[in-house]
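Subject: Handing over the model

Hello,

Here is the structure I promised to pass on to you. Have a look at it first, and then read on for what turned up.

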Amino acid sequence: MIKCAMVGFGYWGRNVARTLYEVENLQLVGLYEKETSRVLEAKKLYPALKLYTSYKELLDDKIECVFIITPPQTHFTLALAALKAGKHTFVEKPLSLQTLHAKELYDLAEQKNLMLFSDHIFLHSPAVKYLKSHLDDFGNIISITSRRINLGLFQTETDCIWDLAIHDLSIIDYLVGLQVKKLSVFSKKYPKHPNDALANISLELENGVVALIHVSWLSPVKVREMHIGGTLQSAIYDEGKKDKLTIYTSGVVVHDNFECNDLYDKMVQYKLGEVFSPKLETKLALNKSIECFRDLIIQRFHNENLEFYRDHTLRVVKVLEDLDRAKTLL
């Protein structure tokens, strides 16, 4: 049994705590949280949980891993301390707000033979896993468009791109790669709030895929929707629906016809087919993400996925930094 402690018991921390009680071979033994109301709530929900009075007390305890579920600007400092203390470390996305800091954390984890894991949760979504395993059925992927919108939660240290678009970038990297050829971004602050509350992102990837991402904290409804368009078939991935994935066996076919006048050189045909929703595993992505972290700890010397998770996280953080730089040029 791997003994764990957690930092942070906010909105997402509550979900992580609940999940840790469900995942086999992990035992949540302690929590550090600054806010008194949250401490009282945790004590009520989990009476046996040890409540630390400081982060140092947590790190000095005989635990093997730390779950850091705190605001993004704290991730680097907390993760660095956890790794220096010899703890396997699970960090809520983003791992850090700078690529250099992310690399520093991974290098330290490697030096100490520790597992560092950033929770890009949708890598573990059954719908995204299905798309990845059936990607050849789509032919050439032409475009990926997504909407990730809701009313809040406004954050004071990061904007809606780091909060929301990070998920879409993670999914795009997992499906088709995130080697960016060109990018642009339009973003806007809500009056009197310091950070951008809505953004439109355009990416052209080196492999020719075009990705369009719309994120917002200003929508009265919550939408988590992604469209994947290929030459042979397309899909809509909607986290808000019971059937989260719908496959359309249709596409657009463009033929060269050199016998026609120039106006009709390109003859466009539409291939219409069936629509179906594949049966997917029902286990929650958060459960599968934490199980992945557990397995990487156990198999860290012989796990072929270790390099992927590091490189994936670094690619996503780098693109987020590139988007920040693009905003400053507007």
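Trp217, by contrast, is buried, with 0% relative accessibility.

Before going further, a word on how to read all this. This is a predicted model, in which local features need pLDDT of at least 70 and side-chain atom pairs count only at pLDDT 80 or more, while totals for chains, interfaces and linings use all residues. Residues are numbered from 1 along each chain as its sequence is written, and side-chain values use heavy atoms, with hydrogens and water left out.

Because 5 of its 5 residues are buried, β5 is largely enclosed by the rest of the structure. His88, Phe90 and Glu92 point one way from the strand, and Thr89 and Val91 the other way.

β5 has neighbours that run parallel to it: 4 bridges join it to β4 (residues 65-68), and 4 bridges join it to β6 (residues 116-119). Strands count as paired if DSSP finds at least two bridges between them. Val91 is the bridge partner of Ile68, and Val91 also stands opposite Ser118 in β6. With helix α5 (residues 99-111), β5 and β6 make a right-handed β-α-β unit; right-handed means that, with the strands pointing away from the viewer, the path from the first strand over the helix to the second runs clockwise.

Now for the rings. The structure holds 13 aromatic pairs (rings of Phe, Tyr and Trp, the last by its six-membered ring, with centres within 6.5 Å; planes under 30 degrees apart are stacked, over 60 edge-to-face and the rest tilted). Phe90 and Phe293 form an edge-to-face pair, 5.4 Å centre to centre with 65 degrees between the planes. Since Phe90 lies in β5 and Phe293 in helix α8 (residues 285-298), this pair ties together parts that are 203 residues apart in sequence. Both Phe90 and Phe293 are buried. Phe154 and Trp217 form a tilted pair, at 5.2 Å and 50 degrees. Finally, one aromatic cluster includes Phe67, Phe90, Phe117 and Phe293.

Enjoy exploring!

Terms used. Buried means under 20% relative accessible area, exposed over 50%, partly exposed in between (1.4 Å probe, protein chains only). Helices (H or I, at least four residues) and strands (E, at least two) are DSSP runs, numbered from the N terminus.
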